[in-house]
Amino acid sequence: MKFFADTAEIDAIAELNDIGLIDGVTTNPSLILKSGRDILEVTKEICSIVSGPVSAEVTSLDFENMMREAAVLAKVAKNICIKLPLTLDGLKACKALTSEGHKTNVTLCFSANQALLAAKAGATYISPFVGRLDDINNDGAQLIEDIRTIYDNYAHLHTQILAASLRTPNHVSAVAKIGADVATIPPNVIKTLVNHPLTDGGLAQFTADWKKTGQKI
Ligand code: E4P
């Protein structure tokens, strides 16, 4: 499973990229707001750090303006992936942009049927929101499982499942077990994945015993 960093924070992206933990980045209007940066400037900077796909989201709701914004975003860098909402206009823009050779990410997916439509529109990625479904007492992981089953039933569908709105380490392992192609994860959650008390305890023991040997390497 590929990891994308779900953020527009440059320092966090650079840190994870240097360790080799991320294969791409996803942003959205809320993450751009949180960064306090201009969308084109910050997206360009992210694209200069990460060689994989960087999702940048259109903000208009109608097809013509989505296409206009997509053209502006696509000019930022070669690795831009245009993110579009799961509406009829968004799907129409997805189809048009895919035909022009752009990578596309259809976002705000909350049902298997929506994911089916995105695949029919040729989306590179579908972003089902796991955490937001869990927030309303639905089962976000079940949605990933349903989409996996449906996509695997039809060899001509090539859309990749990009599990989004992941907030916990358990979300990450759950979608990996199901077979999501990509997980987009906030940087603090990615860093949490390394933690295990037995690793810490074992390391403390090894360090103490090594000191007692009096040796140096
Ligand atoms: C990423 O593509 C999504 O916009 C993001 O994962 C949404 O996460 P949230 O539900 O925590 O805001």
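The structure is a predicted model, in which local features require pLDDT of at least 70 and side-chain atom pairs count only at pLDDT 80 or more, whereas totals for chains, interfaces and linings use all residues. Residues are numbered from 1 along each chain as its sequence is written, and side-chain values use heavy atoms, with hydrogens and water left out.

The ligand is surrounded by Asp 6, Thr 26, Asn 28, Lys 83, Phe 129, Arg 132, Ala 164, Ser 165, Arg 167 and Thr 184, each with a heavy atom within 4 Å of the ligand. By class, this shell comprises two nonpolar, four polar and four charged residues. Polar contacts are pairs of N or O atoms within 3.5 Å. An N or O atom in the side chain of Lys 83 lies 2.6 Å from an oxygen atom of the ligand. A polar side-chain atom of Arg 132 is 2.6 Å from a ligand oxygen atom, and for Arg 167 the corresponding distance is 3.1 Å. Taken alone, the ligand exposes 340 Å², of which the protein buries 84% (Shrake-Rupley method, 1.4 Å probe).

A pocket is an open set of points on a 1 Å grid over the protein atoms alone, where a 1.4 Å probe fits, with protein on both sides within 12 Å along at least five of seven lines; lining residues have an atom within 4 Å of a point. The volume of the largest pocket is about 400 Å³. Among its 21 lining residues, Asp 6, Asn 28, Leu 31, Arg 132 and Pro 186 are the closest to its centre.

Methods
A polar contact is a pair of N or O atoms within 3.5 Å; within protein, one must be able to donate a hydrogen and the other to accept it, and residues adjacent in sequence count only if both atoms are side-chain atoms. Ala, Val, Leu, Ile, Met, Phe, Trp, Tyr, Cys and Pro count as nonpolar, Asp, Glu, Lys and Arg as charged, and the others, Gly among them, as polar. Grid points are joined across faces, edges and corners, and a volume is the space filled by probe spheres set on the points.
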